[in-house]
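Please look first at the sequence and the model shown below. The paragraphs that follow lead through the fold step by step.

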Amino acid sequence: MQTLAIRNFKTHPAQMRTQYDTSKLAELTLQIYERGLNQWQPIVASPNGEGVYIVSGHRRHMAKLLSLALASWAKDH
């Protein structure tokens, strides 16, 4: 298993889910912000000629990016 920067991941073009429950995504974001992502299942990604695509964990990926933005905002305020 290899660890890559989460910001480099791209949504897989075959991802079926296009809509997310925003309240559940916000809840997951806060949980990841408070506890980190290490306690969750890993985000599985696969290299492709055009980048690294997420295979499993699209919602966790979005929540992690939002938690990074939240941490940046909290640091500045």
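Two strands are said to pair if DSSP finds at least two bridges between them. By that criterion β1 and β3 are paired, since two bridges join β1 to β3, and these strands run parallel. Within this pairing, F9 stands opposite V52 in β3. The model discussed here is a predicted one.

The sheet as a whole is open and consists of three strands in the order β1-β3-β2, with mixed pairing. Its edge strands are β1 and β2, each of which pairs on one side only. Helix α2 packs on the sheet, where it touches β1 and β3, and its direction makes about 120 degrees with that of β3.

How confident is the prediction? The chain has an average pLDDT of 86, and 92% of the residues score at least 70. Among the elements of the chain, helix α1, residues 22-35, has the highest mean pLDDT, at 93, whereas strand β2, residues 44-48, has the lowest, at 86. Where pLDDT is low, the predicted coordinates should not be read in detail.

L28 counts as buried because its relative accessibility is 4%, and the limit for a buried residue is under 20%. Between L28 and K64 there are 8.6 Å in space, C-alpha to C-alpha, although the two are 36 residues apart in sequence.

Which residues make up the largest nonpolar core? This core has 10 residues: I6, F9, L25, L28, I32, L37, I43, V52, I54 and A63. The elements that give two or more residues to it are α1 and β3. Helix α1 gives the most, with three residues. In soluble globular proteins, nonpolar side chains tend to be buried together.

Not counting residues up to four places away in sequence, F9 touches L4, I43, A45, V52, I54 and H61.

Notes: Residues are numbered from 1 along each chain as its sequence is written. This is a predicted model: local features need pLDDT of at least 70, side-chain atom pairs count only at pLDDT 80 or more; totals for chains, interfaces and linings use all residues. Side-chain values use heavy atoms; hydrogens and water are left out. pLDDT is the predictor's confidence in each residue, from 0 to 100. Helices (H or I, at least four residues) and strands (E, at least two) are DSSP runs, numbered from the N terminus. Contact means heavy atoms within 4.5 Å. Axes are lines fitted to C-alpha atoms, for helices over the stretch in contact, and angles run from 0 to 180 degrees between N-to-C directions. Buried means under 20% relative accessible area, exposed over 50%, partly exposed in between (1.4 Å probe, protein chains only). A nonpolar core is a set of buried Ala, Val, Leu, Ile, Met, Phe, Trp, Tyr and Cys residues joined through side-chain atoms within 4.5 Å.
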